Amino acid sequence: MSACQETGGKITGLALLAEIRERGYRGGHTLLAIWKKGQQGPDCPTPPPAPPTVRAAVSWLTRHPAGLTPDEELQRKTLLAH
């Protein structure tokens, strides 16, 4: 399991500091914070979006398609494809 899967791509500074200190890091949290500011983000893929709520799904399925917004229509088509 990769670190991304273990943490969902997120880790607190204190947890990271504790982990790297176990591996021999002797610096403090200030240096770690400066390093982290320079990072663009984790190399983890973005997690998939949360599934729609039951209420939203029922709304998309029971309303006339002409009354849906383009985003709702896309969600409806995706839901029906599954």
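The following dialogue discusses how to read several features of a predicted model.

Colleague: How many helices and strands does the protein have?

Modeller: Helices (H or I, at least four residues) and strands (E, at least two) are DSSP runs, numbered from the N terminus. In this case the protein has five helices and zero strands. Along the sequence the pattern reads α-α-α-α-α.

Colleague: Which share of the residues is buried?

Modeller: A residue is buried under 20% relative accessible area, exposed over 50%, and partly exposed in between (1.4 Å probe, protein chains only). Of the 82 residues in the protein, 12% are buried.

Colleague: At what angle do the axes of helix α4 and helix α5 cross?

Modeller: Axes are lines fitted to C-alpha atoms, for helices over the stretch in contact, and angles run from 0 to 180 degrees between N-to-C directions. Here the axes of α4 (residues 54-62) and α5 (residues 70-81) come within 10 Å and cross at roughly 95°. That makes α4 roughly perpendicular to α5; angles under 35 degrees count as roughly parallel, over 145 as roughly antiparallel, 65 to 115 as roughly perpendicular and the rest as oblique.

Colleague: Which residues make that contact between α4 and α5?

Modeller: On α4 they are Ala-57, Trp-60 and Leu-61, and on α5 they are Glu-72, Gln-75, Arg-76, Leu-79 and Leu-80. By class, the residues of this contact divide into five nonpolar, one polar and two charged. In this scheme Ala, Val, Leu, Ile, Met, Phe, Trp, Tyr, Cys and Pro count as nonpolar, Asp, Glu, Lys and Arg as charged, and the others, Gly among them, as polar.

Colleague: Is Trp-60 buried or exposed?

Modeller: Trp-60, in helix α4, has a relative accessible area of 10% and is therefore buried. Not counting residues up to four places away in sequence, Trp-60 touches Pro-52, Leu-68, Glu-72, Gln-75, Arg-76 and Leu-79. The C-alpha atoms of Trp-60 and Gln-75 are separated by 7.8 Å, although these residues are 15 apart along the chain.

Colleague: Is Leu-80 buried or exposed?

Modeller: Leu-80 belongs to helix α5. Its relative accessible area is 52%, so Leu-80 is exposed. Between the C-alpha atoms of Leu-80 and Ala-57, 23 residues apart along the chain, the separation is 9.9 Å.

Colleague: Where does Ala-56 lie?

Modeller: Ala-56 lies in helix α4 and, at 22% relative accessibility, counts as partly exposed. Its C-alpha atom is separated by 9.5 Å from that of Arg-76, 20 residues apart along the chain.

Colleague: How many salt bridges does the structure hold?

Modeller: A salt bridge is a side-chain nitrogen of Lys or Arg within 4 Å of a carboxyl oxygen of Asp or Glu. The structure holds two. In one of them, the side chains of Arg-23 and Glu-19 meet at 3.2 Å, N to O; Arg-23 is exposed at 66% relative accessibility, and Glu-19 is partly exposed at 33%. Arg-63 also forms a salt bridge, with Glu-72, the closest N and O atoms being 2.8 Å apart. The relative accessible area of Arg-63 is 31%, so Arg-63 is partly exposed.

Colleague: Which side chain of opposite charge is nearest to Glu-73?

Modeller: For charge, Lys and Arg count as positive and Asp and Glu as negative; His and the chain ends are not counted. Glu-73 lies in helix α5. Glu-73 is buried yet has no salt bridge, and the nearest side chain of opposite charge, Arg-76, is 4.1 Å away. Leaving aside neighbours within four places in sequence, Glu-73 is in contact with Pro-65 and Leu-68.

Conventions. Residues are numbered from 1 along each chain as its sequence is written. This is a predicted model: local features need pLDDT of at least 70, side-chain atom pairs count only at pLDDT 80 or more; totals for chains, interfaces and linings use all residues. Side-chain values use heavy atoms; hydrogens and water are left out. Contact means heavy atoms within 4.5 Å.
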